[in-house]
Amino acid sequence: MSGFLRVLAVDDEPPALDELAYHLRADPRVARLHTAGDATEALRVLRDADVDVVFLDIRMPGLDGMELARVLRRFARPPAIVFVTAYDDGAVDAFDLGATDYVRKPVRAERLAESLRRVVGARVVPTHPAAMARAEPDPTIPVELAGTTRMLPRSAVRWVEAQGDYARLHTSDGSHLVRVPLATLAERWADAGFVRIHRSYLVQLRLIAELRLANSGYVVVVDETELPVSRRHTRELKDKLVRAAKQDWNR
């Protein structure tokens, strides 16, 4: 597929906007590119043209990128949002706004290509019934990797551990500390099968290999790691495990 995305790039600094536009025009998936130097100009473009994705700077005079993104979310058909910024302190807000990606400046062609791949993956809707059944949304959350902000797919998270106002996301190959409270993730990820087993732990239900009674109470085993289950969550967890097992039997 080539030349099918309609893109808007927004940045108040002309050199940065020129560089961003240069890389986007060079990508064969971009059919049309609009540019804007501030949020007001961006809204004019969006009034007159259909746009699939907005590459958006955060720190701009007047209406900043985060405020503009909140406006875009209220559109009947909101475009995907990719934040492009020199700062990492907006990553959590980007997560709250459902951004498709969060790119750090200076931009690189290969990093923008990855963002466009994410946009395409989020917007392409399969038409075959079997494909539609498999196409479940997989939100992402910004994490820091070697000084670079990446969007980690929720499906990669095995369990989550509270660490004060932060949460540590455990994956099959490591862990990532994010500035999001465990309670927030528990609420937002409940429909995806994550269950609270303790005030400090959130677990993907389908990955629980074992629930057993230990000396200090119940524990679950996920990826050969024992995690405590608090007394207040034990009954609910047992019920959910039984229901999940019955659903598997009935398939």
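This is a predicted model: local features need pLDDT of at least 70, side-chain atom pairs count only at pLDDT 80 or more; totals for chains, interfaces and linings use all residues.
In what order do the five strands of the open sheet come? The order is β10-β9-β8-β12-β11, with antiparallel pairing. Residues are numbered from 1 along each chain as its sequence is written, and side-chain values use heavy atoms, with hydrogens and water left out.

**The sheet**

Strands here are DSSP runs of E with at least two residues, helices are runs of H or I with at least four, and both are numbered from the N terminus. Two strands pair if DSSP finds at least two bridges between them. In general, strands of a sheet pair through backbone hydrogen bonds, either parallel or antiparallel.

At the edges sit β10 (174-178) and β11 (194-198), each pairing on one side only. From one strand to the next, the twist averages 25°. Here are two of the pairings:

| Pair | Bridges | Residues standing opposite |
|---|---|---|
| β8 and β12, antiparallel | three | Glu161 and Tyr201 |
| β11 and β12, antiparallel | four | Arg196 and Leu202 |

β11 and β12 also form a hairpin, with two residues between them. Although β11 is an edge strand, four of its five residues are buried, so β11 is largely enclosed by the rest of the structure. Buried means under 20% relative accessible area, exposed means over 50%, and partly exposed lies in between (1.4 Å probe, protein chains only).

**Two helices side by side**

Now for helix α2 (residues 39-48) and helix α3 (residues 65-73): their axes come within 10 Å and cross at roughly 20°. An axis is a line fitted to C-alpha atoms, for helices over the stretch in contact, and angles run from 0 to 180 degrees between N-to-C directions. α2 and α3 are therefore roughly parallel to each other; angles under 35 degrees count as roughly parallel, over 145 as roughly antiparallel, 65 to 115 as roughly perpendicular and the rest as oblique.

Who does the touching? Ala39, Ala42, Leu43 and Leu46 of α2 meet Leu68, Val71 and Leu72 of α3, where contact means heavy atoms within 4.5 Å.

**Zooming in on Leu46**

Leu46 belongs to helix α2 and counts as buried because its relative accessibility is 12%. Leaving out residues up to four places away in sequence, Leu46 touches Leu8, Val51, Val54, Leu72 and Phe75. Leu46 and Leu72 are 26 residues apart along the chain, and their C-alpha atoms are separated by 9.3 Å.
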